[in-house]
Amino acid sequence: MLKFALLVLSIVILVTALPVEHAEPHISVDSTDPEHRQRVAEAVSRFEAHGLVLPALRVSFFTDETACRGYFGLFQASTSPWSVRVCSDLDFVVTHELAHAYLALHLNDADRAAYLAAYDLPTWNGREVEWRQRGFEDAAFVLQQNLMMPPRDADGWSAEWERRAEAYELLTGRPSPLRG
């Protein structure tokens, strides 16, 4: 019996020591424009470089903001796969919308409540407040800024950048890229 228990324990240790393969998220781009495809690839690589796993997504590009309800971009978790609509050529939009997808996949109610309390925000995504006061938007902005900005040096560090780094760490459980 002892030999059997040791054998089982050895197998458990061996299996847990093996590297875990993470399936790459399937992110499709509904555009043949090489620039669109490049923007998505660059944004996805920002997440991957910092170990942030994205869900399966379909990314579509539009020439005006109508498809995004008047915004530069729109994340929708009501479709399968989830979708990101991009209605602007601004560099940050794809990363910002992917941040929404990351947050929707990884945060639970307790995480969202902790974020709202930590940053004194009234609601996660309630329509009763201006979009800038929603945790959903603030958190996506924080991820976008941390992933797109170069690391801050001692001379370029401010209370606002410290807040953004801390918020990123709260949201992801990982060190902020802003800290270099």
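A: The dialogue below turns to the nonpolar core and then to the salt bridges of this predicted model.

Q: Which residues touch the most other members of the largest nonpolar core?

A: In soluble globular proteins, nonpolar side chains tend to be buried together. Here the largest such core has 36 residues, and V40, F47, L98, L103, Y115 and L171 touch the most other members. Among the elements that give two or more residues to this core are β1 (27-30), α2 (34-49) and α6 (159-172). Helix α3 supplies the largest share, 7 residues.

Q: Which residues does F47 touch, leaving aside those up to four places away in sequence?

A: F47 touches L52, L54, T95, L98, A99, Y102 and L147.

Q: How many salt bridges are there?

A: The count comes to 7 salt bridges. In one of them, the side chains of R163 and D138 meet at 2.7 Å, N to O. Because R163 lies in helix α6 and D138 in helix α5, this pair ties together parts that are 25 residues apart in sequence.

Q: Is D138 buried or exposed?

A: D138 counts as buried, since its relative accessibility is 13%, and buried means under 20%.

Q: Where do E160 and R164 lie?

A: Both lie in helix α6, 4 residues apart, about one turn of the helix. E160 forms a salt bridge with R164, with the closest N and O atoms 3.2 Å apart. E160 is partly exposed at 35%, whereas R164 is buried at 13%.

Terms used. Residues are numbered from 1 along each chain as its sequence is written. This is a predicted model: local features need pLDDT of at least 70, side-chain atom pairs count only at pLDDT 80 or more; totals for chains, interfaces and linings use all residues. Side-chain values use heavy atoms; hydrogens and water are left out. A nonpolar core is a set of buried Ala, Val, Leu, Ile, Met, Phe, Trp, Tyr and Cys residues joined through side-chain atoms within 4.5 Å. Buried means under 20% relative accessible area, exposed over 50%, partly exposed in between (1.4 Å probe, protein chains only). Contact means heavy atoms within 4.5 Å. A salt bridge is a side-chain nitrogen of Lys or Arg within 4 Å of a carboxyl oxygen of Asp or Glu.
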